[in-house]
Structure formats: structure tokens, C-alpha cells
Amino acid sequence: MDYNPRMAPADLVIENGVVLSMDGPGVGERTGPVLVAEGRIVAPDTPVAADALRIDAEGRVLAPGLIDPHTHPVFAGERSFEFALRMAGKSYDEIAALGGGILATVRATRAAPAETLLRGARERLRRMVAYGVTTCEGKSGYALDLEGEKRILRMLRELGCVPTLLAHVVPPDHSRSDYLRMFIEELIPAGLADFCDVFCDRGAFSLPETRRILEAARAAGLGLRVHAEQITHTGAAELAAELGAASADHLELVSPAGIEALAEAGTVAVLLPGAALTLRAPWPPARRMIDAGVTVALGTDCNPGTSMTESLPLMMTLGCTQMRMTVEEAWRAVTVNAARSLRRDDIGRLCPGCRADIAIFDFGDWRALPYHFGPPLAWLVLKDGRIAYRASGFSPTVAP
Ligand SMILES: [Zn+2]
């Protein structure tokens with residue numbers, strides 16, 4: 001971290017919270033005030049400015065802002081009709097023949113004015129922050145042409161997301177070789193993304209194509225992520241580990257060799273139980289991965305086809321109840337481990353030097369977050385020390 005202890009006095013003091021520092025094993029629970037100066041957490045013995053803002057957490061849980069490391073938040077339209085067809089027993093191919101699938105969202109997204117796309121994404125991000133989320137990775141992949149993909153990447157940056165360039169599928173108006181060439185020679189060098197991701201699966205990109213794209217992205221200085229082992233087993237987990245990817249995501253069908261490779265390489269497994277829930281797919285084997293030494297994070301996979309949710313706490317509930325994670329593991333999966341999947345050490349913990357991205361929840365026992373599933377339970381959310389969200393019952397402040 002590029003942090004030097006500052007001489008600036010604290011300008012914000014949060015008192016009477018149950019603090020989850022996420023430092024060390026477990027959740028790092030402690031008591032005592034949290035001090036902030038110029039948007040960063042500072043040591044508890046830092047002098048406090050006379051006009052500092054003081055917030056009384058009244059015994060509530062005070063955690064690092066949650067981090068959603070896998071979303072597709074910029075798109076137009078919705079696909080509830082497709083959900084209904086799936087629930088009525090229609091197959092993937094039947095749904096595609098009836099006008100569903102990724103290409104339905106591509107048609108709507110290409111046709112949408114910028115304001116429509118931004119408004120939809122802002123609404124989704126506003127719902128996320130009410131769940132306590134302060135950092136959101138977001139992927140392109142719903143335009144699938146040069147200018148459209150660049151437009152989505154610029155929007156992701158403007159929305160404050162961590163932008164990822166996604167090779168999603170080959171669109172019908174490009175040949176495979178043309179799309180790959182355009183992706184590698186024009187989209188990767190455009191410099192609009194922090195990460196590059198490939199959907200490596202049946203109907204998307206093959207393992208050799210995935211290698212080609214990721215090697216080009218790595219050479220261009222992008223971090224790597226992979227949609228791996230979701231619908232078919234491909235060996236993409238092993239490829240992600242071999243290439244030093246920051247994350248391998250989904251992993252419903254990961255093999256024992258894939259798990260071993262991820263553990264060895266330190267590639268974070270980003271598990272997405274919302275997609276397994278929607279598709280009635282097998283749950284990703286979180287317990288086996290954690291027991292094998294893999295760092296596991298959880299994400300919503302927020303997207304209109306297979307996981308239409310903004311609720312990261314609901315993913316914690318599914319992680320615990322369906323994937324046999326402990327409550328401590330679920331908390332780490334959406335904070336410090338999610339930060340690691342984004343190669344960030346300045347978020348996901350509450351330690352001196354970290355950004356003051358803080359979620360105060362409206363309960364006093366941290367085990368309540370996956371336990372009380374459904375409603376947004378944040379009481380106050382701070383991003384870089386500034387109020388990003390306050391619940392309707394929040395009564396501000398405590399004057400100096
Ligand atoms: Zn995804």
C-alpha cells in the first residue's frame with residue numbers, strides 16, 4: 001500500500017461500533033472507535049480535529065464496505081420472460097429459438113441510448129449500496145462490437161466500477177476469426193479496462209481461444225479473470241492458474257486437479273451462487289476448495305439472464321446454507337478475499353491506511369448478515385469517508 005501515516009488530524013470519528021477489521025483470521029472483531037482522515041482509516045491514537053464529524057453507531061456492526069467482484073451491470077432490457085420459460089421446463093436451445101439468451105440483451109443494449117444504459121446501471125448500483133457494497137467490478141460484453149464495447153467500458157469507469165473487458169460470445173454479425181482479431185488487436189489495446197475476462201465454455205470461447213485472448217491481455221498489462229467450468233468442464237481453471245489469473249469465476253464443475261492448481265497459483269475462486277440458483281445448476285464446491293487452500297470470494301454475477309440480483313448478502317446466505325461455508329468465511333468472501341481477486345489491498349479491511357469504505361449495518365451481531373436474508377440492512381455506508389447511503393431511520397450526527 002502506498003500509504004504513509006499522515007499528520008492530518010482525524011476529520012471523522014465513528015464510535016460505539018462492533019468493528020470487523022478483517023485483519024488476521026476470522027472477522028477480526030474489536031471494539032473502539034474508527035478514525036478517518038482525508039478519506040483513509042488512521043490509527044486510533046491520531047489527534048482528532050475540533051470540528052470532526054462524530055457518528056454514534058449505537059452498538060451496530062461496522063464492517064469494510066462489501067466488494068462485489070463479478071457483475072454485468074450495464075445492459076438494456078430484462079429477460080423475465082426467459083426466466084418464466086425456464087421455470088416451465090424449456091431448454092437453453094428452445095429459449096434461444098424463442099428470442100432469449102445473451103443475444104436478446106445484445107440487441108437491446110446496442111439499440112439503447114447512453115442515458116438509458118447509465119440510468120439502469122445507476123439504479124442497480126444504488127440497490128447494491130443499500131446492501132453495503134462500496135466496490136463493484138463490472139464487465140462489458142453486451143455490445144459485442146468495437147464502438148459498443150468501448151462505450152460500455154467508458155460507462156463502467158464513469159459509474160465508479162472496476163472495468164473488465166469481457167470476451168462473452170461471438171456475435172452473429174462477425175465471423176469468429178474477425179471477432180477474435182478485433183478483440184485482440186483493437187479492444188485489448190484500447191486501454192479502457194483494468195481486467196480482461198473470457199467466457200470459456202460450450203457456445204462461447206474454446207480453451208485455445210481463451211488462452212490466445214488472455215495471453216494478449218496479459219502482454220498488454222491487464223489483470224486476468226475467466227468464466228470457468230460453469231456449463232461444461234473445459235480445463236479453464238487450470239489455464240487460469242497457469243496464466244496467473246487474478247480470479248477464476250463460477251467453477252460449478254471444477255475438477256480436483258483444477259482446485260489444486262488454483263490453490264497452488266493463489267488464483268482467487270469467485271463463486272456465483274445466484275447463477276446456480278437461477279439455472280438449477282450444481283452449487284460450486286466451496287467447502288472442498290476452502291479445505292484445499294483456495295481463497296474463495298463470492299459475487300452476485302448481476303446480469304439479466306442468469307442472476308438478476310444486486311444482493312451480495314444473499315450470496316453469503318447461499319454460500320453458508322448451500323455451499324457449506326461458515327459465516328466467517330462468507331464475510332471474508334465479500335471483503336478481504338474479494339479485494340484480493342481485484343488485486344487491491346486498500347479495501348476489504350478496516351486498518352490504518354485503508355480507504356474509509358465502511359458499511360454500518362442495522363444489527364449488533366455480525367452473524368446476522370447471512371442469517372437475515374432478503375432486505376437491505378445497511379444503516380450508513382461511507383465511500384472514501386463520505387456518506388454514500390443512509391437508511392431512512394438514520395439520524396445524523398452528533399455535532400462536535
Ligand atoms: Zn458472469
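1. A polar contact here is a pair of N or O atoms within 3.5 Å; within protein, one must be able to donate a hydrogen and the other to accept it, and residues adjacent in sequence count only if both atoms are side-chain atoms. R40 makes one of these: a polar atom of its side chain sits 2.8 Å from the backbone oxygen of G353. R40 belongs to strand β5 (residues 40–42), where helices (H or I, at least four residues) and strands (E, at least two) are DSSP runs, numbered from the N terminus. R40 is buried, at 12% relative accessibility; buried means under 20% relative accessible area, exposed over 50% and partly exposed in between, with a 1.4 Å probe and protein chains only.

2. Some ground rules. This is a predicted model, so local features need pLDDT of at least 70 and side-chain atom pairs count only at pLDDT 80 or more, while totals for chains, interfaces and linings use all residues. Residues are numbered from 1 along each chain as its sequence is written, and side-chain values use heavy atoms, with hydrogens and water left out.

3. Now the metal. The zinc ion is held by H70 (NE2), H72 (NE2), H227 (NE2) and D301 (OD), at 2.1 to 2.4 Å. Donors are N, O and S atoms within 2.8 Å of the metal (3.2 Å for Na, K and Ca), and since water is not among the atoms, sites may look incomplete. Along the sequence the spacing of the donor residues reads H-x1-H-x154-H-x73-D. H70 is in the loop between β8 (66–68) and α1 (80–87), and D301 is in the loop between β15 (296–298) and α12 (312–323), so this pair ties together parts 231 residues apart in sequence. H70 is buried at 0% relative accessible area, and D301 is buried too, at 2%.

4. What about the geometry at the zinc ion? The four donor atoms subtend angles of 84 to 167°, which makes the arrangement irregular. The cut-offs: four donors count as tetrahedral if all angles lie between 85 and 135 degrees; four count as square planar and six as octahedral if opposite donors are over 155 degrees apart and all others between 65 and 115; anything else is irregular.

5. On to charge pairs. The whole structure has 27 salt bridges, each a side-chain nitrogen of Lys or Arg within 4 Å of a carboxyl oxygen of Asp or Glu. One of them joins R127 to E310, with the closest N and O atoms 2.8 Å apart. R127 is in helix α4 (residues 114–130) and E310 in the loop between β15 and α12, so to speak a link between distant parts of the chain, 183 residues apart. E310 is buried at 10% relative accessible area, whereas R127 is partly exposed at 34%.

6. E137 and R225 form another salt bridge, at 3.8 Å from N to O.

7. K383 comes from strand β17 (residues 378–383) and D357 from the loop between α14 (336–341) and β16 (358–361), 26 residues apart. K383 is partly exposed at 31% relative accessibility, while D357 is buried at 4%. Salt bridges with shared partners also join E137, K139, D197 and R225 into one network.

8. Worth a look on screen: the largest pocket, with about 820 Å³ of space. Its lining has 39 residues, and Y92, F199, I231, L279 and T306 are the closest to its centre. The elements that give two or more residues to the lining are α1, α2 (92–97), α3 (102–111) and α10 (273–279). On a 1 Å grid over the protein atoms alone, a pocket is an open set of points with protein on both sides within 12 Å along at least five of seven lines, where a 1.4 Å probe fits; lining residues have an atom within 4 Å of a point. Grid points are joined across faces, edges and corners, and the volume is the space filled by probe spheres set on the points.

9. Last, a backbone check. L251 has a positive phi of about 65° although it is not a glycine; L251 lies in the loop between β13 (247–250) and α9 (256–265) and is buried at 0% relative accessible area. D384, also not a glycine, has a positive phi of about 50°. D384 sits in the loop between β17 and β18 (386–390) and is partly exposed at 28%.
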